[in-house]
Amino acid sequence: MTDTLKIRQPDDWHLHLRDGAMLKAVLPATAAHFARAIIMPNLVPPVVTAQQAASYRDRIVAALPDGATFEPLMTLYLTEETDPKDVLVAHQSGLVHAVKLYPAGATTNSASGVQNFDKIRAVLEQMAQIGMPLCVHGEVTDHDVDIFDREAVFIDRILDPIRKKTPGLRVVMEHITTADAVSYASSQDDSLAATITTHHLVINRNHILAGGIKPHYYCLPVAKREEHRLALRRAATSGDARFFLGTDSAPHTDANKLLPCGCAGCFTAPNTLSVLAHVFEEEGALDKLESFTSLNGPAFYRLPVNPGHITLERSPPVIPAQIETEDGPVTVFDPGFPLHWKVT
Ligand code: NCD
Ligand code: ZN
């Protein structure tokens, strides 16, 4: 039995850090284990220009605990008004690594997202030319489409047509939750990749709804049936370079989660690596953990792998059930099983 596991230091290819007091409270958990992360731009107001991304980056670096090294890889929030020239400037700055597409209304703080996909043609053409990845929240928002079908419908109605119209566009299907997304990503060329969260490898929709409603398991895209969770596990543990970790760790205070209309998001940053080691071990794939957390992402983003390593050791980690913030407690994702891998 393997009792220690040394892997390249991981990166998180989809992370919400928020701003202000929340940023300060949640950043240490990520910086403790991860070297870099793709930082989501869905602040209020959103991060839409290169200049806003640069100043958000400065606020993140300023919030780092003393001595911590962590590199925020910034993104721009795509709106129908985004200027292709600004995207080029952002790309050339070296600070901005991707543009994020939210269909308007799909998730937390997505009101400024895209409604008319024809309006973003020029930006997409520009991105295809310079090889800048488009990170996609892949859900339609039509009220007549069942929430459990919104990812699969998005692939057919929006994503595939966009990719066909924009040859060379490099796309990350973010936080995929369905067997449909796994099979679409697997069937395409290497201009397409997909991130998978930690929690979607653990929970299915029963965890949210059976035996009482569990707001801390509610996130978007919402967890689907068990067969989809199993397809995600197969993809994540396959070693296929197109699949890599994007935790989508998305902190909300308990006060904002436990409401009649509560916020979507699971806060997984503190225990993600312990949970992943557990999942990969269950799948008999501990040897594939490093590809998923540390190798496949840099390859897609055309960045070097991290020079450092981390070691996981078979022993129970000490992870708080909640972290305190000035705005109130934030509950850490509960995988529902005891953890027995810790990052040393
Ligand atoms: C995210 C958030 O809270 O910002 N929520 C979530 O459920 N994942 C937004 C997102 O990535 O959809
Ligand atoms: Zn997210």
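Mentor: Take strand β4, residues 71-77: 6 of its 7 residues are buried, so the strand is largely enclosed by the rest of the structure. Buried means under 20% relative accessible area, exposed over 50%, and partly exposed in between, with a 1.4 Å probe and protein chains only. Strands are DSSP runs of E with at least two residues, helices are runs of H or I with at least four, and both are numbered from the N terminus.

Some ground rules come before the details. This is a predicted model, in which local features need pLDDT of at least 70 and side-chain atom pairs count only at pLDDT 80 or more, while totals for chains, interfaces and linings use all residues. Residues are numbered from 1 along each chain as its sequence is written, chains are lettered from A and ligands numbered from 1 in the order in which they are written, and side-chain values use heavy atoms, with hydrogens and water left out.

Strand β4 has β3 (residues 36-39) as a parallel partner, over 3 bridges. Two strands pair if DSSP finds at least two bridges between them. Opposite Leu-73 of β4 stands Ile-38. Strand β5 (residues 96-101) also runs parallel to β4, joined to it by 4 bridges. There, Ala-98 is the bridge partner of Thr-75.

Helix α2 (residues 50-63) forms a right-handed β-α-β unit with β3 and β4, and helix α3 (residues 84-93) forms a right-handed one with β4 and β5. Right-handed means that, with the strands pointing away from the viewer, the path from the first strand over the helix to the second runs clockwise.

Within β4, look at Thr-75. Its relative accessible area is 1%, so Thr-75 counts as buried. The side chain of Thr-75 reaches the backbone oxygen of Ile-39 at 2.6 Å. A polar contact is a pair of N or O atoms within 3.5 Å; within protein, one must be able to donate a hydrogen and the other to accept it, and residues adjacent in sequence count only if both atoms are side-chain atoms.

The loop between β3 and α2 holds Pro-45, which is joined to Val-44 by a cis peptide bond with omega about -5 degrees. Most peptide bonds are trans, and most residues other than glycine have a negative phi. Asn-109, in the loop between β5 and α4 (121-130), has a positive phi near 50 degrees. At 33% relative accessibility, Asn-109 is partly exposed.

Turn next to the ligands. The side chain of Asn-42 has an N or O atom 2.8 Å from an oxygen atom of ligand 1, and for Thr-108 the corresponding distance to an oxygen atom of ligand 1 is 3.2 Å. Asp-248 places a polar side-chain atom 2.7 Å from a nitrogen atom of ligand 1. Asp-248 lies in the loop between β9 and α9 and is buried at 5% relative accessibility. Although not a glycine, Asp-248 has a positive phi of about 55 degrees.
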